[in-house]
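This briefing goes through a set of computed features of the structure shown here. It is arranged by topic and may be read alongside the sequence.

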Amino acid sequence: MYTEKVMDHFQHPRNVGEIENASGVGTVGNAKCGDIMRIFLDIDENQIIRDVKFKTFGCGAAVATSSMATELVKGKSIYDALKVTNKAVMEALDGLPPVKVHCSLLAEEAIHAALWDYAEKNGIKIEGLEKPKSDIHEDEEEEEEY
Amino acid sequence: MDKFLYLDNAATTKTAPEVVEAMIPYFTENYGNPSSVYSFAAKNKDAVNRQREIIAGALGAAPNEIYFTAGGTEADNWALKATAEAYGNKGRHIITTKIEHHAILHSAQYLERQGFEVTYLDVDENGKVRPEDVEAAIRPDTILISVMYANNEIGTIEPIQEIGKIAHEKGILFHTDAVQAFGQIPINVDECHIDMLSASGHKLNGPKGIGFLYIRKGVKIRSFIHGGAQERRRRAGTENVPGIVGLGKAVERAVRTMEERTKKERELRDYLIGRVLEEIPYTRLNGDREQRLPNNANFSFRFIEGESLLIMLDMKGICGSSGSACTSGSLDPSHVLLAIGLPHEIAHGSLRLTLNEEFEKEDMDYVVETLKEIVKNLRSMSPLYEDFMKKQNR
């Protein structure tokens, strides 16, 4: 049901853990629906993501998309990180089963939520970044792309 | 990975070698159509009827009350839809429960769309239907009560005898889905006042694609599958002779081995449950502790999600199942776990392990040790666990 890349990232997730005094932390999803992602960002003075960690409660796809999302934003500027879409995460994993597409959306949303937190903490505005939803599942029907 | 522990025997079972052996001649030599006139084929009719006798004997029924179907799902569909059709002018109300298999629930929902009214009874925190609830739900227009004999997910055995008694006192037909219970625990249709009972071959070491519906003499339901005079004109289609022979053999075997087999399974199951609850914190057992199928264990591990758990177990050679949303293809976890009152997040972290008699204590030890490691690992990456621990330490 999963691609080899998904299985690899599930079995050997990259960047699992927490960052103490992180520059930004974002938590999205809800336990009711079975997945929660939390992303920690360590951002340097040049607005480059120096380190990133995640914790995820969820299925194999949720863990794999979190892992891949952290890999894709690591070392990037906050503006480039903002451009990492759920599509990019899915492509990097060689695809996801249709019922798991929402996991990739969650990963994108978690990155955005962490960036939002960073922006708020530092009193800056990141062009193109919107306030994260508290629950990604509210309108996922419209957002899912098959 | 050499280890292979099939702990999903509620999903299906290995076909017993003696069952396969009994079936083979009916593929290769005795392949005649039982409806044909010549003696070569007619003896297959006798073979089919012999199985009917074996199965009837296991239930305390008469052979002509056993009707072969393509499995438990067909038997459930037939019982509900044909009863509604045959008794619909008498009344249009059906009582069932919230924890039935989808073969019952989806058939009931179909009937609702046809203008029937269905009451879905709640269950208690162990998954038990309260007989007084059944009684209270009965209306003058109730035509059928359908309650499963034992639940497929949490293994709880329902008070079928009491419910059957209530149904019969009120003159209402009583059906039970015994797909999980038949072959695991003794069942007598008269003692339990059962009018219809569904069962399946592959849950008791028989072949897939064969099952039956017991229909008490006098119950007027008609054919659901049209096109021939087979099964006393109630179920058309050339008999699945090898399947029926395999089912008969499996039933004979299940009855013969039941006492010894289930005693061993109960001991192993209780050992497994004991160790898991003792050694893995924040874990609960779902289902009734006592009134429970001999081979069923169902746990919820807080802070983790079932599908992740299943994949990790699979990598260690352990096959289990989960009521998590991710394994069902929807966003909601199992309807059974929700019906017993589990919050969504705890229902997502459920694991069902169903044993067979071939396991030994050391297999259970391997399962426990593996589970401990995996649960710890998944919790270490769970934000829910992180939040919970921070709260605890505050």
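The model is predicted. Chain B has 394 residues, and 50% of them count as buried. Its secondary structure amounts to 14 helices and 12 strands.

**Overall form of chain B**

- The radius of gyration of chain B is 22 Å, which agrees with the value near 21 Å that a compact globule of 394 residues would have.
- The C-alpha trace of chain B spans about 80 × 50 × 35 Å along its principal axes.
- Among contacts in chain B with a separation of 6 or more, 72% are between residues 24 or more positions apart.

**Helix α3 of chain B**

- Helix α3(B) covers residues 39-59, which is 21 residues. From first C-alpha to last it reaches 31 Å, close to the 30 Å expected at 1.5 Å a residue.
- The buried residues of α3(B) are B:N44, B:V48, B:Q51, B:R52, B:I55, B:A58 and B:L59. Seen down the helix axis, these buried residues fall within an arc of 125°, so they line one face of α3(B).
- B:S39 and B:D46 are exposed on the other side of α3(B).
- The cover over the buried residues of α3(B) includes β2 (66-69), β7 (196-200), β8 (211-215) and α9 (241-279) of chain B.

**Helix α7 of chain B**

- In helix α7(B), residues 160-169, the buried residues are B:I160, B:I163, B:G164 and B:A167. Viewed down the axis of α7(B), they fall within an arc of 100°, so they line one face of the helix.
- These buried residues of α7(B) pack against α6 (131-137), β5 (142-146) and β6 (173-177) of chain B.
- B:G171 follows α7(B), and its phi is positive, near 70°.

**Strands β3 and β4 of chain B**

- Strand β3(B), residues 93-97, is mostly covered, with 4 of its 5 residues buried.
- Strands β3(B) and β4(B), the latter being residues 117-121, run parallel and are joined by 5 bridges.
- B:T96 has B:Y120 of β4(B) as its bridge partner.

**Contact between chains A and B**

- On the two sides of the contact, 21 residues of chain B meet 21 residues of chain A.
- On the side of chain B that touches chain A, the elements giving two or more residues are α10, α12 (344-347) and α14 (383-393) of chain B. The largest share, 4 residues, comes from α10(B).
- The residues on this side of chain B divide into 11 nonpolar, 6 polar and 4 charged.

- Most residues other than glycine have a negative phi.
- A:Q47 is not a glycine, yet its phi is positive, near 65°. A:Q47 lies in the loop between β2 (35-43) and β3 (49-57) of chain A.
- B:F303 is not a glycine either, and its phi is positive at about 75°. B:F303 lies in the loop between β10 (296-301) and α10 (306-315) of chain B. With 23 C-beta neighbours inside 10 Å, B:F303 counts as buried.

**Surroundings of B:G349**

- B:G349 is placed in the loop between α12 and β12 (350-354) of chain B. B:G349 is buried, with 33 other C-beta atoms within 10 Å.
- Not counting residues up to four places away in sequence, B:G349 touches B:S300, B:F301, B:R302, B:F303, B:I304, B:E305 and B:G306. One of these, B:F303, is the residue with a positive phi of about 75°.
- B:G349 and B:N205 are 144 residues apart in sequence, and their C-alpha atoms are 29 Å apart in space.

How values were computed:
Residues numbered from 1 in each chain as written. Chains lettered and ligands numbered in written order. Predicted model: local features only at pLDDT ≥ 70, side-chain atom pairs only at ≥ 80, totals over all residues. Rg over C-alpha atoms; globule rule 2.2 N^0.38 Å. Buried ≥ 20, exposed ≤ 12 C-beta atoms within 10 Å, placed from the backbone. Contact = placed C-beta atoms within 7 Å. Expected span 1.5 Å × (residues − 1). Arc of directions from axis to C-beta. Nonpolar A, V, L, I, M, F, W, Y, C, P; charged D, E, K, R; others polar. Pairing = 2+ DSSP bridges.
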